[in-house]
Amino acid sequence: VLTTWAEALEFSPCGKYFAVSHGKQIQVWVTPSLTREFAPFVLHRTYTGHYDDVRCLDWSPDSETFMSGSRDLTARIYSLNPMEGY
């Protein structure tokens, strides 16, 4: 449940996901399909790790990873799906 305003929203290049930041967290959602569904938005995963608000997001060209920038002056790279050793 979003309790703060979204600072950044970015669709993946493949179009299957979008990432939205709110506060210190990032949520990645599966985009709805063209068929009618009861609950079209499905949360893929929630990412944490920043100490201040996340201000920007950008996806890699293959839609496997994305980068976030925060007001805490850090940038983080996240994997859409867990990778062994990462």
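1. Basis. The model is predicted, so local features need pLDDT of at least 70 and side-chain atom pairs count only at pLDDT 80 or more, while totals for chains, interfaces and linings use all residues. Residues are numbered from 1 along each chain as its sequence is written, and side-chain values use heavy atoms, with hydrogens and water left out.

2. Three strands make an open sheet in the order 5-6-7, with antiparallel pairing. Strands are DSSP E runs of at least two residues, numbered from the N terminus. Two of them pair if DSSP finds at least two bridges between them. Strand 5 (54-59) and strand 7 (75-79) are the edges, and each pairs on one side only. On average, neighbouring strands of this sheet are turned by 25 degrees against each other, direction ignored. The axes behind that angle are lines fitted to C-alpha atoms, and angles run from 0 to 180 degrees between N-to-C directions.

3. Strands 6 and 7. Strand 6 covers residues 65-70 and pairs with strand 7 in the antiparallel sense over five bridges. The bridge partner of G69 is A75, in strand 7.

4. Aromatic pairs. The whole structure holds five aromatic pairs. Rings of Phe, Tyr and Trp (its six-membered ring) pair if their centres lie within 6.5 Å; planes under 30 degrees apart count as stacked, over 60 as edge-to-face and the rest as tilted. Y47 and F66 form an edge-to-face pair, at 5.1 Å centre to centre and 90 degrees between the planes. This pair links distant parts of the chain: Y47 sits in strand 4 (residues 42-47) and F66 in strand 6, 19 residues apart.

5. Ring pairs join Y47, W59, F66 and Y78 into a cluster.

6. Buried means under 20% relative accessible area, exposed over 50%, and partly exposed in between (1.4 Å probe, protein chains only). Y47 counts as buried because its relative accessibility is 4%. F66 is buried at 2%. W59 is buried too.

7. S63. This serine lies in the loop between strand 5 and strand 6. S63 is buried, with a relative accessible area of 3%. Its side chain reaches the backbone nitrogen of C14 at 3.0 Å. Not counting residues up to four places away in sequence, S63 touches S12, P13, C14 and L80; contact means heavy atoms within 4.5 Å.

Methods: Helix = DSSP H or I, 4+ residues; strand = E, 2+ residues; numbered from the N terminus. Polar contact = N/O pair within 3.5 Å; in protein donor to acceptor, adjacent residues only side chain to side chain.
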